[in-house]
Amino acid sequence: MTDIWIAGLGLKTVSHVTREVEQAIRSSREVLYLDTGIATKSYIETLCPRVTSLYEESYCDEGLRVNAYEHMAARVVEAALDHAPVTFAIHGHPLVAAYPPFLVLELANALDLRVTVLPGISAIDAILTDLRLDPVVHGAQMYEATDLLLRRRPLQPDVPAILWQIGPLETCLHSARVSRPERFARFVAHLRLYYPARHEVVAIYCSPHPILPPAILRFALEDMGQHAEEIHAGFTLYVPPVGSRPVQDYDLLAKLYSVDHLRSITRS
Amino acid sequence: MTSMPRSKPGIDQLLIAVALDADVRRRLVDFPEEAFQDFDLTEEEKDLLRRPDQRLLPLLGAVIAHQRASPAPEPRAASAAPQPHAVVEAPTLPDFTLVLTLVPCAHYENGRVHKLSYAVWVNPLPADADPESLPPLPGAVFPGQPLTPLHAVIQVSPLPMEDAAGQPLIGLSAAFRKSSNIAAPPPHESAGRPTGSPFGSDLRSAEVQAAVAAVRGTSTSPATGERYNRLIDLLHVLRGREPQ
């Protein structure tokens with residue numbers, strides 16, 4: 001039994017919704033959703049009679065994003081206490097770059113409510129497909145852009161980097177305003193500690209609609225400010241590696257195709 | 001300016017239909033002119049739909065804005081030229097490892113640490129050597145009582161490469177092998193434990209118990225907003241107030 005489903009809607013709403021998410025929505029008495037896709041409400045209304053959009057009632061310009069997150073969590077748990085089961089449906093993957101589901105989990109844990117989390121297609125999935133990347137080949141490092149600056153996290157330049165939320169850089173306040181070039185100065189300066197000035201990076205905004213292609217901006221790292229007006233809140237930065245790290249353990253390399261070695265590390 | 005009444009649905013309805021219905025989407029892609037017949041579209045809109053690109057985003061935004069036309073409720077509260085240290089003549093330079101040793105030195109006053117000073121130096125580290133086993137710097141005079149030394153180990157790898165013209169180029173890659181003496185558990189939210197509190201809150205504390213009881217004791221009517229307010233209070237007790 002589940003009191004609250006926390007479900008990911010994927011990036012393109014209807015075409016990304018999984019069967020298990022659809023089933024959760026069908027079995028809910030209310031769906032509270034956070035997704036600005038144009039067909040989200042129309043779609044959910046075909047599955048559940050009571051549908052509530054949380055976006056409009058949660059965010060206000062220049063307001064603290066955390067207030068919006070707390071509001072969403074309280075509304076979801078309030079609904080579950082009143083008429084469970086309910087679904088909290090979120091754009092993308094519910095636990096990728098999304099704080100409200102963790103607040104729901106926290107409240108539910110304190111109140112003995114049963115929660116099931118269902119994954120959705122996230123921006124990481126779309127970035128990998130749109131840029132034709134396999135994160136297993138050269139590895140991957142990823143950080144939230146503002147957190148990268150706050151903690152002055154070191155980067156490994158030979159490992160592909162995915163830096164989230166470059167649009168809302170350097171603020172915890174909600175805003176739909178266009179960025180100035182200066183917004184990216186500190187960010188570029190930090191990346192310049194690890195990458196050449198003319199290193200080509202990619203800003204990507206994954207498509208939110210089936211007929212819309214992804215927005216992909218390629219520019220030299222030091223030119224990022226020139227794209228300030230284009231880089232909105234939905235953009236992520238992909239930083240390709242500078243070269244690749246050569247093999248260093250030749251002993252292990254020699255063993256990779258050795259049957260004897262395989263037998264020495266496995267049971268018969 | 002007034003707009004003419006439309007006899008057919010406009011581009012907003014087409015965009016919604018395309019998102020909802022795979023058949024409509026396929027028809028728009030394969031036979032756009034045919035799909036256009038069911039909708040009232042300008043030539044500019046048709047051109048955009050034939051070759052969709054980022055110009056579509058404002059249209060999507062307009063549709064969403066139209067959908068939100070009804071006013072939303074307000075959010076609730078809630079000196080000499082320096083010389084190299086070493087010159088290595090070799091066709092390929094092997095990796096070399098450096099250890100930076102930092103020794104905190106305590107100054108005592110009335111039996112208590114009054115202030116700390118630090119002594120720092122860098123040595124090459126032999127292969128497979130433990131930095132902890134290195135002897136103290138010969139002749140070093142510490143500016144206080146030395147405490148346990150701390151070590152950062154840096155491996156430097158010269159990488160033979162070629163530049164764009166195919167000329168030999170030596171790159172350099174450095175990696176930290178040990179950069180901290182801190183041993184601590186991971187943050188609760190990164191521990192990978194799906195049961196229990198995601199933030200490690202103490203549910204047994206009297207404050208949390210009282211806040212939980214307050215939620216349970218409120219009316220079930222969402223109209224009063226009382227339970228909502230108690231839930232926000234409980235969140236603040238569980239998480240502490242976020243920085244404002």
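Mentor: Chain A has a mean pLDDT of 93, and 100% of its residues reach 70 or more, where pLDDT is the predictor's confidence in each residue, on a scale from 0 to 100. Within chain A, the confidence is lowest in helix 3 of chain A, with a mean of 84, and highest in strand 1 (residues 4–8) of chain A, with 98; helices (H or I, at least four residues) and strands (E, at least two) are DSSP runs, numbered from the N terminus. This is a predicted model, in which local features need pLDDT of at least 70 and side-chain atom pairs count only at pLDDT 80 or more, while totals for chains, interfaces and linings use all residues. Residues are numbered from 1 along each chain as its sequence is written, and chains are lettered from A and ligands numbered from 1 in the order in which they are written.

The domain assignment of chain A gives domain 1 (4–121) and domain 2 (124–239), and such bounds come from an automatic or database domain assignment. The C-alpha centres of domain 1 and domain 2 of chain A are 27 Å apart. To the contact between them, domain 1 of chain A gives 16 residues and domain 2 of chain A gives 15 residues; two residues are in contact if their C-beta atoms, placed from the backbone, lie within 7 Å. On the side of domain 1 of chain A that touches domain 2 of chain A, there are nine nonpolar, three polar and four charged residues. In this classing, Ala, Val, Leu, Ile, Met, Phe, Trp, Tyr, Cys and Pro count as nonpolar, Asp, Glu, Lys and Arg as charged, and the others, Gly among them, as polar.

Next comes a sheet of chain A. Five strands form this open sheet, in the order 6-7-10-8-9 and with mixed pairing, and two strands pair if DSSP finds at least two bridges between them. Strand 6 (141–144) and strand 9 (215–220) of chain A are the edge strands, each of them pairing on one side only. On average, neighbouring strands of this sheet are turned by 20° against each other, direction ignored. Strand 7 (residues 161–164) and strand 10 (residues 236–239) of chain A run antiparallel and are joined by three bridges; in strand 10 of chain A, Val239(A) is the bridge partner of Ala161(A). Helix 6 (residues 123–130) of chain A lies across strand 7, strand 8 (200–205), strand 9 and strand 10 of chain A, and runs at about 45° to strand 10 of chain A. For these angles, axes are lines fitted to C-alpha atoms, for helices over the stretch in contact, and angles run from 0 to 180 degrees between N-to-C directions.

Several loop residues of chain A also deserve a look. Arg132(A), in the loop between helix 6 and helix 7 (135–138) of chain A, has a phi near 55°, a positive value in a residue other than glycine. Arg132(A) is exposed because 6 other C-beta atoms lie within 10 Å; a residue is buried if 20 or more other C-beta atoms lie within 10 Å of its own, exposed if 12 or fewer, and partly exposed in between, with C-beta atoms placed from the backbone. Glu170(A), which is not a glycine either, has a positive phi of about 65° and lies in the loop between strand 7 and helix 9 (185–191) of chain A. Glu170(A) counts as partly exposed, because it has 15 C-beta neighbours inside 10 Å.

His91(A), in the loop between strand 4 and helix 5 of chain A, is buried, because 25 other C-beta atoms lie within 10 Å. Not counting residues up to four places away in sequence, His91(A) touches Leu9(A), Leu34(A), Asp35(A) and Gly37(A). The C-alpha atoms of His91(A) and Gly37(A) are separated by 8.2 Å, although these residues are 54 residues apart along the chain. Pro85(A), in the loop between helix 4 and strand 4 (86–90) of chain A, is joined to Ala84(A) by a cis peptide bond, with omega about 0°.

Finally, chain A meets chain B, with 43 residues of chain A in contact with 46 residues of chain B. Helix 2 (40–45), helix 3 (55–58), helix 4 (65–83) and helix 5 (100–110) of chain A each supply at least two residues of the side of chain A that touches chain B, and helix 4 of chain A gives the largest share of that side, 11 residues. By class, that side has 24 nonpolar, 11 polar and eight charged residues.
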